[in-house]
Amino acid sequence: MKALSLHWVEYGFGSPKLFHLIYAVKVLVLHMVAGAAAATWSSGLGPFWDVATWWNEPIVYQKLILWTVLLETVGVAGSWGPLAGKFKPMTGGVLFWTRPGTIRVRPWRRVPFTSGDRRTVFDVLLYLTVLGALLAAILTPGRPSATLSAALPGNTSGLVNPVPVAVAIAALVLLGLRDKVIFLAARGEQYLPAMVFFVALPFVDMIVALKLLIVVVWIGAGVSKFGKHFSNVVPPMVSNSPCIPAKWFKRAHYRDFPRDIRPSKVAGLLAHVGGTCVEIITPLILLLSTNRVLTLAAVAMMVLFHLFITSTFPLAVPLEWNILFAFAAIFLFWGFPNEAGYGIGDMSSPWLTAAIAAGLLFFPVLGNLRPDLVSFLPSMRQYAGNWASALWAFAPGAEEKLDAVRRPTRNQIDQLKGMGYAPAIAEITMQQTIAWRSMHSQGRGLFSLLYKHLPDIDRWTIREAEFACNSLLGFNFGDGHMHNEDMLAALQRRCGFEPGEFLVVWVESQAIHSQVQHYKVIDVAVGVIERGTWKVADAVAEQPWLPNGPIPLQVEWSRAADGDQTAQATPQRRTPQHRTGTPA
């Protein structure tokens, strides 16, 4: 971990530049050009390259949102390609979700008609309904709107057809109740409210509601960066940027490379001035300003903010999301300024404004107070470094049992070998992902748990759970809830691991009012064998490779202490039969 985390400082993931070029072409061609062409052509506007004629057309903005949702739901936007652990094939999503028998993970156990963990024909049909309805909404001409004509008398393109949008909303909600993975892949926490606004609100109210939505996303992300986690996110993010070739600039984000790679003051400044302050203060200016110069400066700031994130190619690669939000800042706040009748005081009813604001704030507030109940995505903790996370540890040979899972791909190590990587190089490539995890606060706690439970850790195969989950579910966006106990139980039913073969160390996000994170140690064949906490301050104080040993852990419950005989089959007692790969 020391060797690989020091390597990350200067080279990031170490991806060939060709990978970044592929991503850039994908965003340019599939998202920007194809999206603009579909939106303008189907709306009687354009041509798409004449941006000046359509950039502030409401129907184009609506259709660009729907186009982005379509790409996300297909699986060719966020969490696509090699930077998300998808090597061969580079696409997950649609290849998994149109295949009955693949794993699905429901969000709540008590919702009727959602039991089971196998994708059915009904799930596939629901998924295809979402895709078909989105495509229909994008390709059909706009509908006239009296409220649009009242506000913009010269408009002739209308607004998006509400019928297919309503169908997409209903199908996505039903599908999400059966499989939270697809709902989160579609970025339902952000785009679903926008789609509801398209259908339910008159034009001016819709524009103001869309402003409230994007401001809540920005400010929610800014608030989530308070605390000790986020400073640890920025240095690895900067190090991964192919747009910053200078090693001295990357090293400047660490205290004393190579002896101390905790965040430097430069990293703290970039994190909490360039990140936290920008995401809280600038959106408030955009929401309240009636000064054109101030509004223009704030719009430019948010565009640069999203372009910077895009330039770093963060793991999970949410490039389309960032490009859309940069455009949204221009469209909503410059194209429909507050002083022209599109401010928060211009909604048809203050009660409606309050209701929309309360609805948008519900999950961010709940998710920060009770992160165990809400994914970090609806909690608006993007990039915060405060994520539910896990590491998977396989006894020698046990990882191969995952081949029993029905899916259109194989384990990442096998994908890399299939691309011609030598076994040792393929193994080190995957080890790089756990080195990345160790550079974040929760990684130090997770490795501390592994050191405690696996004294012979060097003979085990350790995997970063977010990446491994991608090869099993078709998607992950950094959310440990996607590979929680329900998903692990689904794996056990398919793979039949023996006690002591597959150990998972799993940690929940830190609640906003707490100083600790709650962890679980899970023997997949047995269940939870330990629960406890660690202090976040202890985690961020250590180096990624834990030179001082494990951080302090507070055990709250242990199966062994309760006298459960199944806990005697502890992982460190298992005798290896053969080796796979190369140890860290």
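Q: Which helix gives the most to the lining of the second largest pocket?
A: That's α15, with 5 residues. Helices here are DSSP runs of H or I, at least four residues, and strands are E runs of at least two, numbered from the N terminus. This is a predicted model, where local features need pLDDT of at least 70, side-chain atom pairs need 80 or more, and totals for chains, interfaces and linings use all residues. Residues are numbered from 1 along each chain as its sequence is written, and side-chain values use heavy atoms, leaving out hydrogens and water.

Q: Which elements each supply at least two residues of that pocket's lining?
A: α2 (17-41), α3 (58-74) and α15 (319-334) do.

Q: What volume does the second largest pocket have?
A: About 360 Å³. Of its 16 lining residues, Met32, Trp54, Leu64, Ile323 and Phe327 are the closest to the centre. On a 1 Å grid over the protein atoms alone, a pocket is an open set of points with protein on both sides within 12 Å along at least five of seven lines, a cavity is a set where a 1.4 Å probe fits but cannot get out, and lining residues have an atom within 4 Å of a point. Points join across faces, edges and corners, and volume is the space filled by probe spheres set on them.

Q: How does that lining split by class?
A: 14 nonpolar, 2 polar and no charged. Ala, Val, Leu, Ile, Met, Phe, Trp, Tyr, Cys and Pro count as nonpolar, Asp, Glu, Lys and Arg as charged, and the others, including Gly, as polar.

Q: OK, cavities. How many of 30 Å³ or more turn up?
A: A search of the whole structure gives 6. The largest cavity is about 310 Å³, and of the 21 residues lining it, Pro314, Leu315, Tyr383, Trp387 and Trp436 are the closest to its centre. Its lining has 15 nonpolar, 4 polar and 2 charged residues.

Q: And what lines the second largest cavity?
A: Among others, Tyr61, Gln190, Leu213 and Phe325. α3, α9 (188-200), α10 (203-224) and α15 each give two or more residues to that lining.

Q: Switching topic: is Ser438 buried or exposed?
A: Ser438 counts as buried because its relative accessibility is 0%; buried is under 20%, exposed over 50%, partly exposed in between (1.4 Å probe, protein chains only). Ser438 sits in α18 (residues 423-438).

Q: What does Ser438 touch?
A: Leaving out residues up to four places away in sequence, Ser438 touches Ser5, Gly443, Arg444, Phe447 and Pro544 (heavy atoms within 4.5 Å). A polar atom of the Ser438 side chain also lies 2.6 Å from the backbone oxygen of Ala435.

Methods
Polar contact = N/O pair within 3.5 Å; in protein donor to acceptor, adjacent residues only side chain to side chain.
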